[in-house]
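I begin with the rings.

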Amino acid sequence: MANLFGNIGDIGQLKDSLLLRLNRIYCTLAVGAALAISFELFLETGSADSLEIQRSRCFILFLVIFLLAGAFVCGLYIARQAKIFARKSEELLFEAKQRTTEIAALYDTSQDISGRHRLSSLLETIVGRAKTLLDASGCALFLFDKANKDFEIAVEIGVGIPVGSHIPLDEGLAGQVAKNMAPLIVNDYRRSPFRSKALQQYPISAAVCVPMIRDGELIGVLGVNECGNTKRKFADAEARLLSLFAHNAASAVFNARLMDALQNSKERFRIAAECASDIVYDWDLPTDSVKYFGAVTERAREKHSFLPETRKEYWDIVHPEDRDRVRRALEEHLKDGTPFSVEYRILDENGSHIIISDRATAIRNSRGVPVKLIGAVSNITERKQAEQMKSDFVSFVTHQLRTPLSGVKWMLELAADSTNSPEDLESFIRDARLSTDRLIGLVNDLLDLSRLERGKLQINPEDIEMDALTRGVIEEMHPLLSEKEQSLSCQVAAHFPVVSADAQLLRQVILNFTSNAMKYTPRGGEMKIRMHYDDAFVYWEIEDTGIGIPKSDQTMLFEKFYRAGNAIAVETEGTGLGLYLIRLIVERLGGSIGCESREGVGSTFKFSLPLHGNGGSNEQHPGSVN
Amino acid sequence: MSSIRALLIEDDRFLRKACEVGLKKQGFVVLTAEDGESGIQQAMDGSPDIILLDMLMPGLSGIETLKVLKSEERTRAIPVVILSNSSVEADIQKAMDLGAAGYLVKASLSLQELGRHVRSFLDKQSDS
C-alpha cells in the first residue's frame, strides 16, 4: 500500500528541514539587528557629527535595507514551498480516501465471494463485483479449460458475449494474459493487435484483463471492459486493484470446483450404492465400526438379517475353513495394496452357508496407514452352484462318451488279431458297430438335451398307437431279457386311444424306462408294463421288483444331478443321459413324469401324456408324483 | 508260471466282454461281475490276485464297492486297480485315499497295455 503514495515524502520531513530552521534564525537576527541599528541611529542624529560617522551610519542603513530585503525573499520562498506541500498533502489525503474506499469494496467483495460455494452463483457474483469495482460497463470471466487447452467464456455481464463458447489459447487479450501471467490494459481496443477475432463484433472500447492465479496455476482470466464510445482509459492502479480481486476470486473458484466435484462424487456414490446388487460397506479401522449402504442393505435390514457391527462379529460368521485364507488376503492388501477380491463362505441367518464375493479397497492417510476399508459384497451362491453343475455335467458327459468309445477301441483291437475264428471276428465287429451306434445315440441325446433346455427341440407330432410302440421296444429288449432270465409283461386297457406325439421322443422314453427296470431287477425277476387312460390323459407305467430307491434319493431322481454318487442318474445301457433328459422330453410332450418306490420291494416309473398333444406345456396335472 | 486271476467288475457289457476276451488272450484267468455286490461276492469266493474295478455303476458305486473290499478281511489284501473313464481329480484322489493300488483310464489304453499294467501292478505287489 505504501507504494501507492509514490515518492512524495512527508510534510513532517519538510517541517524539520535545515533550510527552514536557518531561515527562521536568519529572519530573527535580521529583524533584531535592523531594529537595534535604527534605534541607535535615531538616538545619535542631530549632533555635529563628523563625515566619517555620517558615512558609517549610511553604510549601516544600507545593511539594514539589505537584511530586510533578504528576509522578504526568504519569506516568499517559504510561502511557495508551503503551498506546494499543502497541495501535495491534499493529493495524498485524496488518494488515502480512495484507497480506503477501494479496500472496503474489495473486502466487501471477498466476503461476498467466500460465501458462495456453488460455482455458478459464484461466477456471476465475481463478474458483477468486478464491474462495480472499476465502475465499468461490462465484465467477462474466461475459465481456463485444461483438457481442451482453451478458454471457456463462463459468465459475462454488460456486453452480450456468448456464454459457453470457447476461445483458443493463443487468441485475444485473454491469451496474452495467460501467456505472460500478468495484467494487460488495452485502452484502444479497436486498434489493438491483441483483439480477439471472436469478439470483434462487440463495441468494446477499452479493456483491462488480469490473470486468476491460484498456487501458481492459471484458473482463468478476468476481463473488465468499457463499451461504447467513451474516452475512458483504464489506469495501472485499476489494473492493480482488479488483480487483487482476481487473486481472491481464483481461490474462490478453485474451492467451489472442489465442492462441486465432491458433491457430484457423493451423488454418484449414492446412486451406485442404490443400484448395486451388493451390500456396500465402510469399515472404519481405528474405531472398528462399520456402516452399510445400498438397496440390498435396506432389504437385509427389513428381514432383520445379521449384519456384523464389529471385526470380531464378522470373523465369527466366516466359515472356519476359509478364515485363514481371507485373513491373509486382507493383511496383504492392508500391507502393500495387493487387490482384495476373495470368494468365501459365510453363515446366513438360517445357519446355512452362502458363498459371497468380497471386493474392497483401503483408504490410507497421508502416512500411508490404512484407516478405512470400503468394499462391496455380493451373494454368488447361485452362480457357484451353476458353475459346479456345469463342471459336473462336463465330467459326466466325458465319461459317458468315453465308455462306448473304449468299447469300439477294444473290440477293434480284438478283431485285428489274426488268430480269431470267423465267429469271434464277426462278434467283435458287430459289438464294435453296436458301440458306435450307442455313441451316436449319446451324442444325439446331448443335442436333444441342449435343445430341450433352450426350448428349441423340434417336435414332429403324429398319431401314435402306444401299445404297438411299447411292444416294439419289448421285442428289441428280448435278447437281453432272456439273457437275464427276466419276464416283461404288458397290460393295455381296452380301446386304448391314439395319442398325438413325437414318435421318436416317445420311443426314447419307453425304451429308457424299460431298460432301467431291467437293470435294477435281479436275475429271474418280473416286470410289468401297464397302460390305461381317462378323459384327458394316457398313463404308462412300468413296475419292477428291483432294489427300490431310498426316499431321500427319490426327489433327486429327475434332476440334473450328475455327481458320481447318484448312480441312478447314470445310464450305461440304453439311451444315455438319464432320467433328467426323459423328464424334459415328457414335459416337452405336454406330460409329466413320476416314480413310486419302496426299498427292497421295487419301483414303479410312470409318465402321462395329454390325449390331445399340445406340443409342450409344463403344467402339472394328476398322475405326477413329486 | 501260474496264470494271474483277475476279477473284472464292470457294468457295461461291451467293455466287460472285450476286457474279458482281451485279458484271456494274454493268459489271464478272468472272472467277471456286472455290479458291485456280485463283484464283492466273487472277490470273496473266487480268490482273485487282482481286482479291476469300474467307478460309475448302478447300485453300489465303485467307491462304495472299494470301501467294502478294503474293509472285508477276505478281500482286504487283494490289490484293486480302478478302471474308469472318469478323470475327475477328486474321484481319483478319493479312490487312492481309500487304498486303491492304481487308477487307469480305459479310453486311453489298449487291451495289451491294460494287461501289461496289471502284470506290473502285481510285480510291485510281490516286490513290496
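I count two rings of Phe, Tyr or Trp (its six-membered ring) as a pair if their centres lie within 6.5 Å; planes under 30 degrees apart are stacked, over 60 edge-to-face, and the rest tilted. The model is predicted, so local features need pLDDT of at least 70 and side-chain atom pairs count only at pLDDT 80 or more, while totals for chains, interfaces and linings use all residues. Residues are numbered from 1 along each chain as its sequence is written, chains are lettered from A and ligands numbered from 1 in the order in which they are written, and side-chain values use heavy atoms, without hydrogens and water.

Entry on ring pairs. I found ten aromatic pairs over all chains. A:Trp283 belongs to strand β7 (residues 279–284) and A:Tyr314 to helix α8 (residues 311–317), 31 residues apart in chain A. Helices (H or I, at least four residues) and strands (E, at least two) are DSSP runs, numbered from the N terminus. I then looked up burial, where buried means under 20% relative accessible area, exposed over 50%, and partly exposed in between (1.4 Å probe, protein chains only). A:Trp283 is buried at 4%, and A:Tyr314 is buried at 9%.

The pair of A:Phe513 and A:Phe605 is tilted, because the centres are 5.6 Å apart and the planes stand at 55 degrees. A:Phe513 sits in helix α13 (residues 503–520) and A:Phe605 in strand β18 (residues 602–610), 92 residues apart. Both A:Phe513 and A:Phe605 are buried. Ring pairs also join A:Phe513, A:Trp540, A:Phe605 and A:Phe607 into a cluster.

Entry on helix α15. Which residues of α15(A) are buried? I listed A:Gly578, A:Leu579, A:Tyr580, A:Leu581, A:Ile582, A:Arg583, A:Leu584, A:Ile585, A:Val586 and A:Glu587. That is ten of the eleven residues of α15(A) (residues 578–588), so this helix is largely enclosed by the rest of the structure. Taking contact as heavy atoms within 4.5 Å, I saw that the buried residues of α15(A) pack against α11 (422–454), α13, β17 (592–598) and β18 of chain A. After α15(A) comes A:Gly590, with a positive phi near 95 degrees.

Entry on a contact between helices. I noted that A:Ala105, A:Leu106, A:Asp108, A:Thr109, A:Asp112 and A:Ile113 in α3(A) meet A:Leu122, A:Thr125, A:Ile126, A:Arg129 and A:Leu133 in α4(A).
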